[in-house]
Amino acid sequence: MSATASATPAARALSLTATLLTGTVALYTTLVALGNITDFGTNRQFVRHVLAMDTTFGDDDLMWRAITGHGVQDAVYVAIIVWETAAALVLIAGTWFWARRDHDRARRISTYGLLMLMLLFGAGFVAVGGEWFAMWQSRDWNGLTAATRVFLISGFVLLVIHLPSGGREATGRP
């Protein structure tokens, strides 16, 4: 009897949920990366304005943090795109392993991809962009809502994929 056939209905439902949720985040991340690659200029302007802090309150106590060199700004943007692309590929692999019912590998790989997104959007956009570069002060170039949304969705999926399945996998029995 295969592991899938012996799994409880709840375990099969959880596996399907993990597959679909991981796949959804993989699709989203792929589209974000693809959009940044094919429409490079739009979000490059976003990154440039956030790093330059040119639409913040202009407080002299904060403006020393601004990065105005286009070369550095563009390097940061390219690094973001590379990170997004890598996360998308990892999540696609995680989705593949979920679909193949290789739960241990799927969980591990998906965890890495989801953590990559949480680091990018939580540490990168919310903490560094939002606080260090005072993005929250900008009416025009404030990506905190979108970054928080991706951070929370990724965290939710991370929790779901680590739920005990209630089947053999959760009990540790062969």
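Arginine 101 is partly exposed, with a relative accessible area of 44%; buried means under 20% relative accessible area, exposed over 50%, and partly exposed in between, for a 1.4 Å probe and protein chains only. The residue is placed in the loop between H5 and H6, where helices (H or I, at least four residues) are DSSP runs numbered from the N terminus. Although arginine 101 is not a glycine, its phi is positive, at about 65°. The model is predicted: local features need pLDDT of at least 70, side-chain atom pairs count only at pLDDT 80 or more, and totals for chains, interfaces and linings use all residues. Residues are numbered from 1 along each chain as its sequence is written, and side-chain values use heavy atoms, with hydrogens and water left out.

A positive phi, of about 50°, is also found at alanine 134, likewise not a glycine. Alanine 134 belongs to the loop between H6 and H7. This alanine 134 is buried, with a relative accessible area of 1%.

With residues up to four places away in sequence not counted, tryptophan 83 touches Met116, Leu119 and Leu120, contact meaning heavy atoms within 4.5 Å. Its C-alpha atom is separated by 7.8 Å from that of leucine 120, which is 37 residues away along the chain. Tryptophan 98 is also placed in H5, but is buried, with a relative accessible area of 2%. The C-alpha atoms of tryptophan 98 and phenylalanine 57 are separated by 47 Å, the two residues being 41 apart along the chain.

The largest nonpolar core contains 34 residues, of which Leu114, Phe121, Phe125 and Ile161 touch the most other members. Such a core is a set of buried Ala, Val, Leu, Ile, Met, Phe, Trp, Tyr and Cys residues joined through side-chain atoms within 4.5 Å. At least two residues of this core come from each of H2, H3, H5, H6 and H7. The largest share, nine residues, is supplied by H6.

Phenylalanine 121 is found in helix H6 and is buried, with a relative accessible area of 9%. Its contacts, leaving aside neighbours within four places in sequence, are with Glu84, Val126, Ala147, Val150 and Phe151. Phenylalanine 121 and leucine 27 are 94 residues apart in sequence and 16 Å apart in space, C-alpha to C-alpha.

Serine 154 is situated in helix H7. Serine 154 is buried, with a relative accessible area of 1%. A polar atom of its side chain lies 2.9 Å from the backbone oxygen of valine 150. Beyond its neighbours within four places in sequence, serine 154 is in contact with Val25, Leu114, Leu117 and Met118.

Asparagine 36, in helix H2, is buried at a relative accessible area of 5%. Its side chain makes a polar contact of 3.3 Å with the side chain of tyrosine 77; a polar contact is a pair of N or O atoms within 3.5 Å, and within protein one must be able to donate a hydrogen and the other to accept it, while residues adjacent in sequence count only if both atoms are side-chain atoms. When residues up to four places away in sequence are not counted, asparagine 36 touches Asn43, Tyr77, Ile81 and Glu84.

The second largest pocket has a volume of about 270 Å³. Of its 15 lining residues, Val32, Asn43, Glu84, Phe121 and Phe125 are the closest to the centre. On a 1 Å grid over the protein atoms alone, a pocket is an open set of points where a 1.4 Å probe fits, with protein on both sides within 12 Å along at least five of seven lines, and lining residues have an atom within 4 Å of a point. Grid points are joined across faces, edges and corners, and the volume is the space filled by probe spheres set on the points. Helices H2 (9-38), H3 (40-52), H5 (70-99), H6 (103-132) and H7 (144-161) each supply at least two residues of the lining. The lining divides into 11 nonpolar, three polar and one charged residue, with Ala, Val, Leu, Ile, Met, Phe, Trp, Tyr, Cys and Pro counted as nonpolar, Asp, Glu, Lys and Arg as charged, and the others, Gly among them, as polar.
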